[in-house]
Amino acid sequence: MATSFTYGARSGGQLPEALVRFITEEQLKGFGDPANVIIHPEIDARLKKGYDKEVFQAKPKQTEIVSTLGLFELPYIVFVGYEDGSGLDGIRRAAAAAAKALKSIRVKHAEVLLQSTILNVAITEKGADAVAQALTEGLVLALHDRKPLKKDQTDRFALEEITFKPEAGFDEKHGNKQVWELGINRGKIITDGVGYARDLTNLPGNDLTPERLAFHAEELANSLDLEIEVIDEWTATEQRMGGLLSVGQGSINPPRMIVIHYKGASDSSETLGLIGKGITFDTGGISLKKAPGMEEMISDMGGAAAVLGAVKALAELKAEVNIVAVIPTAENMPSDRAFKPGDVIRTMSGYTVEIVNTDAEGRLVLADGLTTAIRRGATKLIDVATLTGAVMVALGYEATGAVTNNDSLMEEVKRASEQTGERVWQLPAYAEFKNNLKSDAADLKNSGSRYGGASAGGLFIGHFAEGLPWVHLDIGGTAWLEASRGWEPKGATGVMVRTLVELASTKK
Ligand code: BES
Ligand code: MN
Ligand code: ZN
């Protein structure tokens with residue numbers, strides 16, 4: 001169930017169960033002074049005692065749940081550590097911590113106190129709407145996780161209602177109701193997009209085949225009233241999509257090329273191509289992966305999910321931008337008819353590729369994805385892909401790796417990522433990495449040295465950009481987590497939905 005958000009003072013009705021109050025370490029130090037009661041002398045003293053004993057020190061991510069036992073009008077106060085000047089990211093993180101604390105005491109209706117001392121800096125720098133959005137995002141995203149398929153679906157906790165309550169002194173200069181509702185609404189639409197991407201990514205491979213992914217895309221496009229083409233294996237053959245077809249040929253579940261058009265800027269000549277890797281399961285093919293952890297390869301369509309989630313949000317926001325979203329989707333399986341090392345394939349662009357490792361399949365389907373986006377009118381390209389394990393060697397789970405041929409598009413992506421808190425780190429695009437992909441048998445081979453693999457993988461894809469501005473986002477380390485952190489759950493994260501939306505929906 002979706003959480004409903006309201007802004008403003010309470011007007012009768014049932015009391016919320018908890019108050020969320022952000023607090024800095026500096027503020028906490030001032031608690032317990034009998035001459036300056038903040039909440040209630042006993043509650044203040046308890047908090048101060050906790051501080052002195054180094055239990056709750058109001059550090060970021062720390063929370064302290066106080067059961068008020070009649071000393072305060074609401075049953076609980078949830079104190080959430082906040083670091084001064086930590087910006088939208090700090091706000092989003094604090095909101096996520098608050099949500100987890102609320103979940104731990106199964107609160108359905110909470111009130112979040114808006115304090116000018118806490119939010120002033122961020123509001124001045126980024127605007128009240130952005131702050132409202134960040135609060136909404138942190139609260140919603142932190143509570144969204146994988147829904148297991150069990151015999152008995154157990155009753156799940158839901159945070160039903162959040163009231164943002166401005167404290168005395170939180171006035172027009174902190175944004176009026178209208179501005180807050182704008183930010184809340186934007187946050188809700190965007191977190192819906194992220195939730196959509198997470199749910200899709202968490203689907204098991206026996207459910208989410210390429211045809212099923214195309215079905216989900218059709219459902220989405222229909223609900224948003226967007227034009228969609230689903231190219232099946234026969235049409236893909238006619239269109240010479242050799243990259244997509246080679247990867248898909250080993251599986252009983254045939255590949256698809258999905259194209260969705262969103263036209264929100266009829267007077268603009270620019271169309272942003274968003275291309276998402278949609279490998280519904282990656283066994284590695286004939287170059288079979290090792291067994292441990294292979295189940296995580298259900299997330300090898302995380303790029304496709306990010307693109308769909310972003311399109312959903314952009315359409316709902318009525319963003320003034322033109323998008324052609326392209327999802328090449330296939331299942332990478334070994335079989336008697338699978339493609340194999342030594343094969344030479346011809347991609348849709350005409351460029352040929354010598355296959356040296358069938359596990360480097362993402363770049364092959366993406367090559368045709370880029371060509372498809374360009375033929376459908378894209379003037380700039382961003383691909384999102386769980387492309388390499390190498391990006392994880394370089395950046396761990398901490399950042400998405402980027403490769404580009406265009407500094408100004410890269411700057412736009414970086415700016416968007418700073419706004420959303422989804423870290424993006426640019427990797428070098430040295431020509432030497434691409435030299436590793438020279439082949440004796442074709443224009444390129446699909447894999448080279450073990451070293452610099454994330455850059456090389458990116459540069460392979462860039463070969464198909466036809467000189468258009470292009471950024472590659474390798475979410476190999478960020479699309480799937482083994483443990484929850486901040487606003488991200490265990491399993492699928494939906495990473496890059498918010499950054500793509502930010503990028504595509506803000507005017508430069
Ligand atoms: N989908 C994988 C990359 C991946 C692995 C993402 C683990 C997240 C976690 C991709 O298709 C792949 O197998 N890449 C190979 C490329 C290599 C053969 C050049 C890799 O990284 O090992
Ligand atoms: Mn692979
Ligand atoms: Zn893969």
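This is a predicted model: local features need pLDDT of at least 70, side-chain atom pairs count only at pLDDT 80 or more; totals for chains, interfaces and linings use all residues.
Helix 11 passes helix 15 in a right-handed crossing.

**Helix 11 and helix 15**

- Helix 11 comprises residues 362-375 and helix 15 comprises residues 453-462; their axes come within 9 Å and cross at roughly 30 degrees.
- On the side of helix 11, the contact is formed by Arg363, Leu364, Leu366 and Leu370, and on the side of helix 15 by Gly457, Phe460 and Ile461.
- Sorted by class, these contact residues are 5 nonpolar, 1 polar and 1 charged.

**Helix 5 and helix 6**

- The axes of helix 5 (residues 128-143) and helix 6 (residues 177-202) cross at roughly 35 degrees and come within 7 Å of each other.
- The crossing of this pair, helix 5 with helix 6, is right-handed.
- Helix 5 contributes Ala128, Asp129, Val131, Ala132, Gln133, Leu135, Thr136, Glu137, Val140 and Leu141 to the contact.
- Helix 6 contributes residues including Val179, Trp180, Gly183, Ile184, Arg186 and Arg198.
- The contact of helix 5 with helix 6 holds 11 nonpolar, 5 polar and 5 charged residues.

- Asp282 belongs to strand 10 (residues 278-282), whereas Glu361 lies in the loop between strand 13 (352-354) and helix 11, so the pair ties together parts that are 79 residues apart in sequence.
- Asp282 and Glu361 are both buried.

**The zinc ion (ligand 3)**

- Lys277 (NZ), Asp282 (OD), Asp300 (OD) and Glu361 (OE) coordinate the zinc ion (ligand 3) at 2.0 to 2.4 Å.
- The site of the zinc ion (ligand 3) is octahedral, with angles of 78 to 172 degrees among its 6 donor atoms.
- For six octahedral donors, the ideal angles at a metal are 90 or 180 degrees.
- The donor residues of the zinc ion (ligand 3) are spaced K-x4-D-x17-D-x60-E in sequence.
- A distance of 3.2 Å separates the zinc ion (ligand 3) from the manganese ion (ligand 2), and Asp282 coordinates both.
- Lys277 is buried, and so is Asp282.

**Residues with a positive phi**

- Most residues other than glycine have a negative phi.
- Arg240, a residue other than glycine, has a positive phi near 60 degrees.
- Arg240 is placed in the loop between helix 8 (233-238) and helix 9 (242-248).
- The relative accessibility of Arg240 is 62%, and exposed means over 50%, so Arg240 counts as exposed.
- Met496 is not a glycine either, yet its phi is positive, at about 85 degrees.
- The loop between strand 20 (491-492) and helix 16 (497-505) contains Met496.
- Met496 counts as buried because its relative accessibility is 0%, where buried means under 20%.

- Thr388 lies in the loop between strand 14 (380-385) and helix 12 (390-395).
- With a relative accessibility of 11%, Thr388 counts as buried.
- Apart from neighbours within four places in sequence, Thr388 is in contact with Arg363, Gly453, Ala454, Asp474 and Gly476.
- Arg363, one of these contacts of Thr388, also takes part in the contact of helix 11 with helix 15.
- From C-alpha to C-alpha, Thr388 and Gly448 are 13 Å apart in space, and they are 60 residues apart in sequence.

**Ala2 in the segment before strand 1**

- Ala2 is located in the segment before strand 1 (4-7).
- Ala2 counts as exposed, at 63% relative accessibility.
- Ala2 and Arg186 are 184 residues apart along the chain, and their C-alpha atoms are separated by 14 Å.

Definitions and conventions
Residues are numbered from 1 along each chain as its sequence is written. Chains are lettered from A and ligands numbered from 1 in the order in which they are written. Side-chain values use heavy atoms; hydrogens and water are left out. Axes are lines fitted to C-alpha atoms, for helices over the stretch in contact, and angles run from 0 to 180 degrees between N-to-C directions. Helices (H or I, at least four residues) and strands (E, at least two) are DSSP runs, numbered from the N terminus. A crossing is left-handed if the near helix is turned anticlockwise from the far one by less than a right angle, and right-handed if clockwise. Contact means heavy atoms within 4.5 Å. Ala, Val, Leu, Ile, Met, Phe, Trp, Tyr, Cys and Pro count as nonpolar, Asp, Glu, Lys and Arg as charged, and the others, Gly among them, as polar. Buried means under 20% relative accessible area, exposed over 50%, partly exposed in between (1.4 Å probe, protein chains only). Donors are N, O and S atoms within 2.8 Å of the metal (3.2 Å for Na, K and Ca); water is not among the atoms, so sites may look incomplete. Four donors count as tetrahedral if all angles lie between 85 and 135 degrees; four count as square planar and six as octahedral if opposite donors are over 155 degrees apart and all others between 65 and 115; anything else is irregular.
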